[in-house]
Each structure stands twice: as C-alpha cells, then as structure tokens.
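Dear colleague,

My notes on it follow directly after.

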Amino acid sequence: MPTVLDQIISGVREDLTARRAVTPLEQLRDRVATQPTAPDALAALSTPGGVHLIAEVKRASPSKGALADIPDPAVLAAEYAEGGASVVSVLTEQRRFGGSIADLDAVRAAVPVPVLRKDFIVDPYQVWESRAHGASLVLLMASALEQEQLIDLLGLVEELGMHALLEAHDEDELDRCLQAGGRIVGVNARNLKTLEVDPLTVTRLLPGLPQSVVGVAESGVTGPDSVRTYVAAGARAVLVGEALVIGSDPRSAVRELLAAGGRRVDVEEGS
C-alpha cells in the first residue's frame with residue numbers, strides 16, 4: 001500500500017510534467033545564466049553565537065490541513081528576516097502544502113537572507129527550477145531518493161551555486177546523507193511515510209553528526225522549550241513552520257525562539 005510520501009511524490013511528478021511542458025529545461029538554463037550569485041546558505045547557518053532559525057512560509061500540511069491563509073508570503077518572510085531568521089524556507093508543493101513557485105519568487109524578492117526551496121525534489125529539472133527562481137538552498141530527502149540520485153542531485157545543486165539541506169529521519173538515512181557528502185544535514189522528527197512526529201528522533205540522531213556538519217532540527221517545535229531541547233542535542237539550526245504561521249506576531253516569535261537557543265538579536269535590527 002502506498003505511503004503518504006509515495007502519494008505526495010506521485011502528485012509532485014504529475015505537477016512537474018505539467019510545468020516542464022510550459023517551461024522547458026532550456027528556458028530554465030537561460031534564466032539561471034542571468035541570476036545573481038545566490039546568498040551563501042552554509043555561511044549563514046555557520047556563524048557562531050547561538051542557534052540559527054530557518055523560518056518557514058507554510059500554508060498547510062498533510063496532517064493538519066490548512067494552517068494559515070498567508071495572503072502575501074513576502075510580508076511574512078520580511079517579518080521573519082527582521083526578527084533575525086538566518087534563512088527563510090518556502091514550501092512550494094501545491095497539493096498537500098498549498099505552495100507554489102510564485103511564493104518562492106515573492107519571498108526571494110522580499111528578503112536579503114538565503115531562501116530554502118522546500119519541496120519533494122526527485123528530478124534535476126527541479127534543481128534548475130530552484131536556481132532559476134532564486135533559491136540558495138534546496139531540500140533533498142533521503143527517504144525520497146535512492147543513494148545515486150541523492151549524490152547526483154547534490155552535485156548539481158552545488159554546481160549551480162547553491163547548497164542542499166539533506167534530510168534524514170532514521171539512522172540509515174543519516175548515514176546516507178553523510179556518505180553523500182552533506183554539509184547541512186537535517187533530522188526530521190516527522191516521518192512523512194506515516195506523518196507521525198517524534199521529537200526523540202531528533203535528540204537521538206543529531207548527536208551523531210560530526211562537528212564539520214551543520215545539524216538542523218526539523219519538525220516538532222512548539223515553542224522555546226523545544227528549541228532548548230534540540231540545541232542541547234546539538235542542533236545548530238532549527239527549522240520552524242507551523243508554530244510561526246499560526247501566531248499573530250511572527251517577528252517576535254522568531255526572536256523568542258532565537259533567544260531560547262542562545263542567539264541575541266538586537267531589538268532595532270530590521271526595524
């Protein structure tokens with residue numbers, strides 16, 4: 001029986017076929033050639049001084065349905081950046097998360113920080129598409145890719161001047177991410193095959209990352225206590241979506257989470 005992840009990827013491939021028919025790869029290559037250098041996501045997530053925050057523009061999720069309306073993702077992204085987020089993540093998958101490439105364009109135009117294109121990347125076309133639309137960072141999920149695919153897509157991401165967030169949710173996937181050469185590696189508390197969330201997945205696996213790798217804790221953040229727990233396990237960055245989009249003051253929420261992780265953000269910053 002197909003898992004939730006299998007169903008999502010099936011829809012992603014259908015949508016990808018439709019986009020490819022409208023915008024052939026050669027057009028993306030031409031657009032990439034005119035893009036400015038992408039902001040350095042690895043550098044942004046490597047500076048010392050406490051945890052980094054990857055703040056996410058997220059309208060919906062497969063487990064909870066609609067989360068937030070977000071009429072203007074650029075406005076939300078600007079609030080995140082002004083609050084001190086090091087990276088803004090944009091969910092571009094349409095069917096289950098309500099995102100789009102247009103959201104990526106809007107956010108890229110609104111913030112100076114690196115932008116993560118968060119989607120189910122299974123084809124080189126999507127990597128070119130990410131760079132053509134201004135992404136600095138691309139999510140590559142070990143659970144969705146064979147090892148050869150993971151290595152090849154990571155190589156293309158880096159060839160195009162971006163970085164990849166390689167994602168694992170168990171020991172085998174974590175080993176695969178490291179063997180592939182991942183420099184930014186996330187552990188996701190959510191198993192997308194079942195949608196179950198277990199923060200212990202993060203606290204169990206993150207300590208196994210070498211110091212040379214930026215460890216990112218993903219999912220399961222409900223507030224400052226979650227950040228403190230993940231940082232204690234070795235997280236150098238935390239990716240947060242739902243807890244930010246359902247609140248009324250995303251800028252203050254970002255600052256509160258950063259403070260919990262030991263990063264000081266000046267009140268006047270971004271104001």
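**Findings**

At 19% relative accessibility, L195 counts as buried, because buried means under 20% relative accessible area, with exposed over 50% and partly exposed in between (1.4 Å probe, protein chains only). L195 also has a positive phi of about 75 degrees, although it is not a glycine. Most residues other than glycine have a negative phi. L195 lies in the loop between β9 (190-191) and β10 (196-197); helices (H or I, at least four residues) and strands (E, at least two) are DSSP runs, numbered from the N terminus.

This is a predicted model, in which local features need pLDDT of at least 70 and side-chain atom pairs count only at pLDDT 80 or more, while totals for chains, interfaces and linings use all residues. Residues are numbered from 1 along each chain as its sequence is written, and side-chain values use heavy atoms, with hydrogens and water left out.

A positive phi, near 75 degrees, is found in S219 too, again a residue other than glycine. S219 sits in the loop between β11 (214-218) and α10 (224-232).

As to the whole chain, there are 12 helices and 12 strands. The radius of gyration (taken over C-alpha atoms) is 17 Å. This agrees with the value near 18 Å for a compact globule of 271 residues, the rule being 2.2 Å times the number of residues to the power 0.38. Along its principal axes the C-alpha trace spans about 45 × 40 × 35 Å, and buried residues make up 56% of the 271. Of the contacts (heavy atoms within 4.5 Å) between residues at least 6 apart in sequence, 68% join residues at least 24 apart.

Strand β1 (52-57) has 6 of its 6 residues buried. H52, I54 and E56 lie on one side, and L53, A55 and V57 on the other. Two strands pair if DSSP finds at least two bridges between them. β1 pairs with β12 in the parallel sense over 4 bridges, and I54 has L239 of β12 as its bridge partner. Another 4 bridges join β1 to β4 (residues 87-91), also parallel, where A55 is partnered by V88.

Helix α12 (residues 250-260) has as its buried residues P250, V254, R255, L257, L258 and A260. These pack against β1, α4 (73-83), α10, β12 (237-240) and α11 (242-245). Just after α12, G262 takes a positive phi of about 85 degrees.

With kind regards
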